[in-house]
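Hi everyone, thanks for making time this morning. Have a look at it first, and then I'll talk.

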Amino acid sequence: MGKYLRIWQRLAVMGFKIQTGHPLSSSGYLLGKFIRIVFFLVFLVAIFKHTQALAGYSLEQVALFFLTFNIVDILAQLFFRGIYGIRALIREGDFDYFLIQPVNVLYRVAFNTVDFLDVVTLIPVFVITWIVFKRIPGGIQPGRFCLYILLCLNGMIIALAIHIAVAALAVLTQELENTIWIYRDVMTLGRFPSDIYSSKLQYVLIFVIPVTVMISFPAKAFLGRLNLLWIFHAVLMASLGLWLSLYFWRYATRKYTSVSS
Amino acid sequence: MKKYWFVYSLYWQEGLSRRASFFMERFRSLVVLLSFYYLWSALLTHRTSFAGYDRSQMITYVLGMNILRSLVFAGKSDEIAWEINRGVLSGYLLKPVNFMAYAFSRDLSEKSINLLSALIEVCVLSKVLGIAIAWPHRWDTWVWFIMAMAGAVVMNFLLSFIVGCWGFWTAESGGPRFCLELLLEFSAGAFFPLSVLSRPLQAFLQKLPSPYLVFFPLNIFLEKLNPTQITYGIMTQFLWILVLAGGTRLVWMRGLNAYAAQGS
């Protein structure tokens, strides 16, 4: 465990030095990330100047869905950002180098890039989420709050499973680097409460690409709108997803024959 | 002129050769379209209009913004900074071409492919979801709309070109560009009609060039503007084009003086 922490620390320091080495570019990206969140919140506030509810949710509740999307999405990027570059790692031979290191290869790939801009972006997101929590009628109830955190973590496990599956696909085919972007784009459907979508799309977002399970479920749990059956479904989905993706990853690495070095 | 047509044709072929990337890009656009379609559908479930748009107009705006985003914001101008930083620009400077016209030609090829694809997506989606599009009732609306779209394309190209020229002074233009593009898309009405925003914010945004990229052309299409407003808007667009063209020339000339052809 200590070894893995040291590796993460080393990679994080390297990532930090790269980003501080390009101050103008990093500031631009950071400001852009903030602007995206602020503008979207401005948009939501503007919408609620014309209406009282969206699919039965108030402004604070809709904002909670959006902020939960940001928390899960940014945390996933923070911890699994390295997967985005796996094709380059394979093409340039670095993946072969990782294979001979006395470290779990998946861990090494996932944490190969640590983006500190995500850490900085998370701070205001957490602050705004806390304010929104307090403004929701009923306030912060410890039980619901714990369930919210647990389901967010569950969402992270699903995100991890998807990232592992994408990495495995890349190892098998040396292509599909864009697959991760499909996941990222579909994730944006979670910015709004899943109730606004058609029943068919809702089905897809629960059972096929579980964006609803990752984002809407934690928010609904906090609002007391999620029954126990769906909580079991979420945990089952995460466990099964992680098991299947790890199986797929092992299969892919077994079949890997090295394409460059 | 023939050589620029050749550039257009070459980049058209190149654009279609990278099919996976192309379809991925279109998929992203489709996800944005779907999410906003369902958002506005939900908001208009129990009401006849929202921020001055009836259901048909609002959904047409959402479909229209997918088309205009593909036409106005698509392009290869983001490569300009990279070409300057890597010294690739030297190759263009030695050729008997005007770099700006060259960049515009390759931008147009990217825009054409995206426009064609966006039109197909919108047609298919409107059939599948049974969307009633609010078509213009008057023929002159089409003329004004096409003029406003052309103005928007030129304006965005000039803005992108200026941002690309930052490459003359820094190798770190990626971040500021990302930031500016977000600002531009939000204030252009590329995600929602600006009428949704508060009046003071709308009044502020109207002073910027961005609302003339998406919001203005789409409001012409939806026949929400009277002839005076359309004429005023087209003239403002023309004025912005003049200002931006002047700015582009200035930045380009100064940039060339600062250019050291590193990396070439």
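Some housekeeping before that. This is a predicted model, so local features need pLDDT of at least 70, side-chain atom pairs count only at pLDDT 80 or more, and totals for chains, interfaces and linings use all residues. Residues are numbered from 1 along each chain as its sequence is written, and chains are lettered from A and ligands numbered from 1 in the order in which they are written.

So, how confident is the predictor about chain A? The mean pLDDT there is 90, and 98% of the residues in chain A reach 70 or more; pLDDT is the predictor's confidence in each residue, from 0 to 100.

Okay, chain A itself. You'll find 12 helices and zero strands; those are DSSP runs numbered from the N terminus, helices being H or I with at least four residues and strands E with at least two. The radius of gyration of chain A is 19 Å, close to the 18 Å that the globule rule gives for 261 residues, so chain A is as compact as a globular protein of that length. That radius is taken over C-alpha atoms, and the rule is 2.2 Å times the number of residues to the power 0.38. Along its principal axes, the C-alpha trace of chain A spans about 60 × 45 × 35 Å. Buried residues make up 38% of the 261, where buried means 20 or more other C-beta atoms within 10 Å of a residue's own, exposed means 12 or fewer, partly exposed is in between, and C-beta atoms are placed from the backbone.

Now chain B, which has 11 helices and two strands. Reading along the sequence, the pattern is α-α-β-β-α-α-α-α-α-α-α-α-α. Buried residues make up 43% of the 264 residues in chain B, and its C-alpha atoms fill a box of roughly 60 × 40 × 35 Å.

How many residues does each chain bring to the contact? Chain B gives 27 and chain A gives 31, with contact meaning C-beta atoms, placed from the backbone, within 7 Å. On the chain B side, H2(B) supplies the largest share, 11 residues.

Back in chain A, look at helix H8 (residues 142-173) and helix H9 (residues 179-187): their axes come within 9 Å and cross at roughly 155 degrees. That makes H8(A) roughly antiparallel to H9(A), a label for angles over 145, with under 35 roughly parallel, 65 to 115 roughly perpendicular and the rest oblique. Ile162(A), Val166(A) and Leu169(A) from H8(A) meet Thr179(A), Ile180(A) and Tyr183(A) from H9(A).

Last stop, Tyr203(A), which sits in helix H10 (residues 199-208) of chain A. Is Tyr203(A) buried or exposed? Exposed, because Tyr203(A) has 12 other C-beta atoms within 10 Å. The C-alpha atoms of Tyr203(A) and Lys255(A) are 34 Å from each other, with the two residues 52 apart along the chain.

Definitions and conventions. Two residues are in contact if their C-beta atoms, placed from the backbone, lie within 7 Å. Axes are lines fitted to C-alpha atoms, for helices over the stretch in contact, and angles run from 0 to 180 degrees between N-to-C directions.
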